[in-house]
Amino acid sequence: MRTDSTPMRSPSPLRAVRTARGLGLRTVAARAGIDPGHLSKVERGEKQLSLESLYRLATVLDLRELAGFLRPYIPDRDVAAAPVYQPGASAGNDEAAGYQPAASVEQAHEPTQ
């Protein structure tokens with residue numbers, strides 16, 4: 001039973017995106033290079049991410065607009081380390097799940113002609 005003094009928490013948008021993509025916390029954390037415990041605290045609103053970590057997370061979760069907004073603030077070394085997700089691939093290991101080497105980050109966001 002909820003009382004007036006019990007704070008009502010809204011679901012974490014980050015967790016909602018992650019679960020909508022069918023990804024577990026540990027999987028996303030590993031692919032983004034973030035400690036799973038820290039990512040869990042971020043999802044609960046207890047901790048924050050650096051811009052670089054947020055960029056990597058946005059890339060892993062295929063949040064292209066967010067990654068695009070963050071890109072100018074991220075050193076090139078961190079962009080090169082970010083995974084690239086290719087939608088439409090099946091789940092499983094990184095290659096089967098559509099992840100490609102980081103060297104193609106810029107290519108993944110360029111429009112096709």
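**Reading the model step by step**

Reply: Begin with one backbone detail: just after α4, Asp62 takes a positive phi of about 60 degrees. Keep in mind that this is a predicted model.

Me: Where is Asp62 found?

Reply: Asp62 sits in the loop between α4 and α5 (64-70). The point to note is that its phi, near 60 degrees, is a positive value in a residue other than glycine.

Me: How many helices and strands does the chain have?

Reply: To read the overall plan, count the elements and then list them in order. There are seven helices and two strands. Along the sequence, the pattern is α-α-α-α-α-α-β-β-α.

Me: What share of the residues in the chain is buried?

Reply: Of the 113 residues in the chain, 31% are buried.

Me: Why look for groups of nonpolar residues?

Reply: Because in soluble globular proteins, nonpolar side chains tend to be buried together. In this chain the largest nonpolar core has eleven residues: Leu14, Leu23, Val28, Ala29, Ala32, Ile34, Leu39, Val42, Leu57, Val60 and Leu61. Two or more residues come from each of α2 (25-32), α3 (36-43) and α4. Helix α2 gives the most, with three residues. A second, separate core has five residues, among them Tyr55, Ala67, Leu70 and Ile74.

Me: What is Ala29 in contact with, leaving aside its neighbours within four places in sequence?

Reply: Ala29 is in contact with Ile34, Asp35, Pro36 and Leu39, once those neighbours are left aside. For the chain as a whole, take the contacts between residues at least 6 apart in sequence: 38% of them join residues at least 24 apart.

Me: At what angle do α1 and α3 pack?

Reply: For a pair of helices, read the angle and the distance between the axes. Helix α1 (residues 13-20) packs against α3 at about 120 degrees, and the axes are 8 Å apart. Angles from 65 to 115 degrees count as roughly perpendicular and those over 145 as roughly antiparallel, so α1 and α3 are oblique to each other.

Me: Which residues make the contact?

Reply: From α1 they are Leu14, Arg15 and Arg18, and from α3 they are Leu39, Ser40, Val42 and Glu43. Sorted by class, the contact has three nonpolar, one polar and three charged residues.

Me: Is Glu43 buried or exposed?

Reply: Compare its value with the cut-off. Buried means under 20% relative accessible area, and Glu43, at 5%, therefore counts as buried. Glu43 lies in helix α3. Apart from its neighbours within four places in sequence, Glu43 is in contact with Ser12, Leu14, Arg15, Arg18 and Leu25.

Me: And Pro13: is this residue buried or exposed?

Reply: Pro13 lies in helix α1. The cut-off for exposed is over 50%, so Pro13, with a relative accessible area of 64%, is exposed. Pro13 and Glu43 are 30 residues apart along the chain, and their C-alpha atoms are separated by 8.0 Å.

Definitions and conventions
Residues numbered from 1 in each chain as written. Predicted model: local features only at pLDDT ≥ 70, side-chain atom pairs only at ≥ 80, totals over all residues. Heavy atoms only, no water. Helix = DSSP H or I, 4+ residues; strand = E, 2+ residues; numbered from the N terminus. Buried < 20%, exposed > 50% of the residue type's maximum accessible area, 1.4 Å probe, protein only. Contact = heavy atoms within 4.5 Å. Core = buried A, V, L, I, M, F, W, Y, C linked by side-chain atoms within 4.5 Å. Axes fitted to C-alpha atoms, helices over the stretch in contact; angles between N-to-C directions. Parallel < 35°, antiparallel > 145°, perpendicular 65-115°, else oblique. Nonpolar A, V, L, I, M, F, W, Y, C, P; charged D, E, K, R; others polar.
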